[in-house]
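Subject: Structure handover

Hi,

Here is the structure I promised to pass on.

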Amino acid sequence: MSDLTTFRQEIRDWLNDNCPESMRTPVTQEEQIWGGRNLRFPTEDAKLWFDRCVEKGYCVPDWPEEYGGAGFSAKETRIFKEEMARLNCRAPQVNLGIWMVGPAILEFGTEEQKREHLPKIARGEIRWCQGYSEPGAGSDLAGLQCKAESDGDDYIINGSKIWTSYADHSDWIYCLVRTDPDAPKHEGITFLLFDMASEGVDAKPIELITGETHFCQTFFDNVRVPKKNALGVENKGWTVAKRVLQFERNMMSDMEASANTSGTTPRSAAIEHIGLVDGKLADPVFRQSVVRHEIQKRALDKTQQRMADEFAQGVGDMSVAMILKYVGTEEEKRKYELILKIAGEQALGWSGEGFSDAELQLTRDWLASKTHSIAGGTSEIQLNIIAKRVLGLPDAAGK
Amino acid sequence: MSLVFNEEQRSLKDTARGFVQANSPVESLRKLRDSQDSVGFSRDVWGQMVELGWGGIIFPEAYGGFDFGVKGLAACMEEFGRTLLPSPLLSSVALSGSVILQAGNETQKQELLSSIASGELLVSLALEEGVRHNPVAISTTAVRNEGGYTISGSKTLVMDAHVADQLIVVARTAGQPGDHDGISLFLVDAGAKGVMISKTHLADSRNYARVTFDKVAVSDSALLGEAGQGFAPLDRALDVARICLAAELFGGVQEAFERTVEYLKERKQFGVLIGTFQGLQHRCAHMYTEIQLCKSLMMDALSALEAGKEKAPALISAAKAKISETAELVTNEAVQLHGGIGVTDELEIGFFMKRARVAQLLLGDAHFHYDRYARLEGF
């Protein structure tokens, strides 16, 4: 047996022994563990599972052990995720610390910053939110205006951020601020970390088409932040910001699996609402649409696997990663539109009698899928990036 | 089960690329077409290919092959697709060779495969009877008589039949068109009495023929595999050829795409490079994403086939379907984005579109393979 085969067996055994049965079911919105100062567990099992994972560093399996991770290699991490998926284990916790700012701190942070922040993320003690977009800076993110003025060893922050997910439940924010208003727009930005409990911070929820309110607009009124809280170099925050956006895009292409909390797939909807005759879906047009979706989804999964294999063989190409967010989120939208057509009225229920919880959730999932191709860089921005960086097509100035 | 060609396969692929770029650029196909060449491919190039080992690339060493596997062949086919190389590699090796390998007895394999590998023998598969791929819609009959069978029927889209030494005929010894049972495979001499081969000229300037069998008498020894049980080995062989053809098509798609992107970096209108226009950039970027997805499905299918996975046939259908759809998208866009020059015969981009449509159709188009995928999935 190879080392990896042994490793896989060990992980499988550990998960079998340690993941409570109730933690092997699809997680609902309410039961998702986000971590943070106000962390409450919905069940005893959720706490048990969380504590066991924290102890082993399994919330961040690929981080070094000294910062609270399990120190797994890329291959080991992949195996770990596969085994988690095989048993349908819930993620012990999910948050922007794990997905985004943690990896950025690992890459750009000082030793002091790593020691201060990473273990708290790994243990789910601090919940992070992201201060990127502004009312006037969406796709043109680098046009952001939220300013940080120097005052001795501190910055004074004034301005506003929008689409700060769960800002009203978060403990810390990683925030892009303008530290040099006179520099070209990409060169006067600093990547700043600060406590949401600081004086002058106010977060107001925004209601979305789904009816949910987890996005906020966040206001900063003379918020004082120590300069040592900058991640990376002052005025060079755009480099860090772009890296974090890559993490976000990779994460969002994975969203499809975790976002579909109703558990409905085009195939399951088709079998339920149209039905099989002699093992064949009774409607040939829907049958082809469903299969087309399944193949596209498999192609996306296999693209991620192929990238890993290519890097393992020394022939990797980061260009391929550029497609994941665009393909993943666009296909997710097509998937829900297809389910809507198949399930008809039952996929459009908003509230009350006549609809199961899963069906009501499905309506929300459909609407939520619209946000994913906008957040974290719209599909159009993704296509711009592919055209310019991968295909080398010239920009408007003819460069 | 790695989704990447290994070092040996990458080296084969490089060799294939170097070979066709030097010996058979698209211009060669144009010359064959314009001179109305009766063979339709270069025997000289095919001779060199055989010498370099491509004739036996997927056959076991015991039968005069080199045992590089279907993955190795597919890696080469991708490169051959980039220059639209016409050769009997698909018809005689990937398709007929695989049928013999899957259905033949030891003697047949010994005799035929090494001759195919050495290029002495060209074999074509006479399968299709309708306008689209359908391996069970067989009404050609093989009637049992003393010491043999009498074959009657008409076939179409028989690749390279006009130069074949032998034909493998898919005929029915029992059942009705549409049945899986009752299909049998026969080796028939291309010059046998009652065989009539007439070459058809399709848009891709490659070689196909319609073949009629008028009471063609064959002996029992002409039977490949068991009478009436030919579908299973045939379908396995078709799968090998399907993924090889998909790889060839995919090579052509990439070439057409890359040429188009390069053109956008050269062509000026309104005083600027047309590649600066976002409307065109997004179309190219979208095509790039589709091409990447195709590659993943192709590698997925090849890996499953190599590992003998039960799901391999479904994955081959997934790859052929997706690559066929992407081929339609990309070759149409390639012509459109070249503008006026794109619809001229002078520019080679049209050759890629013409080859793509035929290759999409051959061995099952997207519609056929979506249906097959669903059927294999029990859906």
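**A helix in chain A**

Helix α2 of chain A, residues 44-56, is 13 residues long and reaches 19 Å from its first C-alpha to its last, close to the 18 Å expected at 1.5 Å a residue. Keep in mind that this is a predicted model.

Which residues of α2(A) are buried? They are A:A46, A:W49, A:F50 and A:C53. These four sit on the same side of α2(A), because they cover an arc of only 100 degrees around the axis.

**Domains in chain B**

Chain B splits into domain 1 (7-121), domain 2 (124-228) and domain 3 (232-376). Between the centres of domain 1 and domain 3 of chain B, taken over C-alpha atoms, there are 21 Å. Where these two touch, domain 1 of chain B puts in 21 residues and domain 3 of chain B puts in 24.

On the domain 1 side of that contact, α2 (26-34), α4 (69-82) and α5 (89-103) of chain B each supply at least two residues. The most comes from α4(B), with eleven residues. Sorted by class, this side of domain 1 of chain B has 13 nonpolar, four polar and four charged residues.

Cheers

Notes: Residues are numbered from 1 along each chain as its sequence is written. Chains are lettered from A and ligands numbered from 1 in the order in which they are written. This is a predicted model: local features need pLDDT of at least 70, side-chain atom pairs count only at pLDDT 80 or more; totals for chains, interfaces and linings use all residues. Domain bounds come from an automatic or database domain assignment. Two residues are in contact if their C-beta atoms, placed from the backbone, lie within 7 Å. Ala, Val, Leu, Ile, Met, Phe, Trp, Tyr, Cys and Pro count as nonpolar, Asp, Glu, Lys and Arg as charged, and the others, Gly among them, as polar. The expected span of a helix is 1.5 Å times one less than its number of residues. A residue is buried if 20 or more other C-beta atoms lie within 10 Å of its own, exposed if 12 or fewer, and partly exposed in between; C-beta atoms are placed from the backbone. The arc is that of the directions from the helix axis to the C-beta atoms.
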